[in-house]
Amino acid sequence: MVAFSAWPWGNFGNLKYLLYAPLAAQVVYSWTYEQDYSRALWCLHILIICGLKGLLHVLWSTYNSMLWVTRTLRTNPNGVDFKQIDHEWHWDNYILLQAIIASIICYMSLPLMTMNIIPLWNMKGLVALIVLHVTISEPLYYFLHRSFHTKTYLFTHFHSFHHSSPVPHPMTSGNATLMESLILCVVAGVPLIGSCLLGVGSIGLIYGYAIMFDFLRCLGHCNVEIFSHKLFETLPILRYLIYTPTYHSLHHQEMGTNFCLFMPLFDVLGNTLNSNSWGLQKKIRLSAGERKRVPEFVFLAHGVDVMSAMHAPFVFRSFASMPYTTRLFLLPMWPFTFIVMLGMWAWSKTFLFSFYTLRNKLCQTWGVPRFGFQYFLPIAKQGINNQIENAILRADKIGVKVISLAALNKNEALNGGGTLFVNKHPNLRVRVVHGNTLTAAVILNEIPKDVKEVFLTGATSKLGRAIALYLCRRGVRVLMLTLSMERFQKIQKEAPVEFQNYLVQVTKYNAAQNCKTWIVGKWLTPREQSWAPKGTHFHQFVVPPILNFRRNCTYGDLAAMRLPEDVQGLGTCEYTMDRGVVHACHAGGVVHMLEGWEHHEVGAIDVDRIDLVWDAAMRHGLRSVSSLTR
């Protein structure tokens, strides 16, 4: 019995999908070499149904992750974290199992299952299927499901796996042990096989029931109350005929009630109906649109490019839970995504992208519906600033404590690093933070203490200025690459007189041919990188990061920090960052919130606060993740 708690292909990884290959091969072989296409058609039907089932789960997952639509209707307000996503990674095992069982049934009964015997549609079959579902499938599932909960051995070995997901999600519906999935195959198969044996089955019935069965399973686990309470008040009988996401979420919370498959009637008959089922459902629907909890912190992000837009959790949850990399098989989706991007440019507003909690404080990421290239279009500048300003005002209105601006949202040429909004709205209660102080601190703490000389590109930028002034105070000679004598001298004069000589203006890359510590704030071509001596390490604060061109040099990642270990509900990677790692400007906003600082952090970086911000980050459990890659 214990063997049925694990999947036979559990160690195959993604190679398990090769088990579909015999079906595809049969389709190709039959159409190529056989005159009777019956075998090929049934194999094709199985493959299509499996594909539709997978697509159905992805679409439900997309809906679940569209937080700007669903956030006030969620039955469980917590987020799905990386642990749960990994736990549910092979949620589609049951689809593969159904394909194998369906193939066996088709091969055993192929002489009876020809296209002449089974028509495209038969209305009598629908009646037979409904009767078989209500009289056999529903009570059978109720009895077995209840047994899984009441018998400790069954729950421990076969059903606890399903309940190990703390937050219901469409993928949770298919995440079960082999034993549970076999039972579901029987429960779902009885109406289909029965109607066919009665001679009233049809192709449409097979497709419709197979898809609707999974549709309703996803609905129950979607964690979003989609039904209006008025529907059940107008037609009370529906309370016995169809369950709701709230209804099934109560089963996952309390586990001693609401065992039905889809029809609460059987919980009523079995006296296992949770008394809060319909009251809670009405409460959630009545509060739709109301903000249930105000975030303490908001990170205002933006898109990078069209391909990385498909890294969003409302596109593919599994991809979003991993650091972004270009996946070539997604290229066919590029045109559609590009059209969506144009639509967002024309009509979309800032939206809720993701969230997590840290020490009982709600932290959200809002997305400005703009992509990287748009920030460099003169015609888009005003529109982008309007989006950022509206987001800040909205955050201020609802009571957000800190809002941190990501990457290009704080571009100096765009809004002066956030000063535009603070000066325009002097009475803001929300604190606007660019997070660059912590970004500078992360870069500076990556540099070994014994370094005596560095080469700095992007030297007169906001970050470049702060890094140069900090290092010169440490007695480090800084070769500042800039063609502007005026900007260099302005920065040099900010340094204490006794350290001004440590700042040196250079105008060409060959000036650093003997310097092994490069701090890169401006994109470097392979030719420019070639001036660095062997063994050079490239620290970076340039977006996008430079190419790892030199094999005899090392490259640092963008400044980033790992969130404290007690973060909860985090299930999305921030662009190319590892799990649990965020850009330093994001972390800077988190520190600002945790410290309860009352000042804005906009405009030029206060060099005197770099160490203070770094110490605060360390005190709150954030850690630098400076990793070297060859």
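**Notebook: strands, domains and a surface patch**

I began with the secondary structure: the chain comes to 26 helices and 16 strands. I note here that the model is predicted.

I checked the extent next. Along the principal axes, the C-alpha atoms of the chain fill a box of roughly 95 × 60 × 50 Å. I then looked up burial for the chain. Of its 630 residues, 54% count as buried.

I looked up the domain assignment. Domain 1 covers 13-287, domain 2 covers 297-433 and domain 3 covers 446-561.

**Entry: UniProt features**

I turned to the record. The unreviewed UniProt entry places "domain: Very-long-chain aldehyde decarbonylase CER1-like C-terminal" at residues 454-623. In the model, I find that stretch to be 28% helix and 20% strand. The end C-alpha atoms of residues 454-623 are 24 Å apart.

The unreviewed UniProt entry also gives "transmembrane region" at residues 17-33, 40-60, 94-113, 125-144, 181-207 and 328-347. I looked at two of these in the model. Residues 17-33 are 76% helix and 0% strand, with end C-alpha atoms 25 Å apart. Residues 181-207 are 81% helix and 0% strand. For residues 181-207 the end C-alpha atoms are 19 Å apart.

**Entry: nonpolar patch**

Which residues form a nonpolar patch on the surface? I list F12, L15, L18, L19, I100, I104 and M108. Together they have about 700 Å² of accessible area. I picked out I104, which sits in helix 5 (residues 93-108). Is I104 buried or partly exposed? Its relative accessible area is 46%, so I104 is partly exposed. The cut-offs behind that call are under 20% for buried and over 50% for exposed.

How many of the eight residues of strand 2 are buried? I count seven, so the strand is mostly covered by the cut-off of under 20%.

Strand 2 has strand 3 (residues 361-368) as an antiparallel partner, with seven bridges between them. One pair I noted is S354 with T365 in strand 3. Two residues lie between the strands of this hairpin. I looked at R359 there and found a positive phi near 55°.

I could name the residues. L358 stands opposite V567, and T357 has Q568 as its bridge partner.

I moved to strand 10 (residues 537-540). Which way do its side chains point? H537 and H539 point one way, while F538 and Q540 point the other way. I find all four buried. The background is simple: in a regular strand the side chains alternate between the two faces of the sheet.

I then checked the neighbours of strand 10. Strand 9 (residues 517-520) pairs with strand 10 in the parallel sense over four bridges. V520 stands opposite Q540 in strand 10. Strand 11 (residues 554-558) also runs parallel to strand 10, and three bridges join them. Here H537 stands opposite T554 in strand 11.

Three strands form it in the order 14-12-15, with antiparallel pairing. Which strands are at its edges? Strand 14 (581-583) and strand 15 (623-624) are, and each pairs on one side only.

I noted the bridge partner of M561, which is S624 in strand 15.

Key. Residues numbered from 1 in each chain as written. Predicted model: local features only at pLDDT ≥ 70, side-chain atom pairs only at ≥ 80, totals over all residues. Heavy atoms only, no water. Buried < 20%, exposed > 50% of the residue type's maximum accessible area, 1.4 Å probe, protein only. Pairing = 2+ DSSP bridges. Domains from an automatic or database assignment. Patch = residues over 30% accessible without salt bridge, like charges linked within 9 Å, V, L, I, M, F, W, Y side chains within 5 Å. Areas by Shrake-Rupley, 256 points an atom, 1.4 Å probe, with all protein chains shown as cover. Salt bridge = Lys/Arg side-chain N within 4 Å of Asp/Glu carboxyl O. UniProt positions renumbered as here; feature names shortened; annotations may be inferred.
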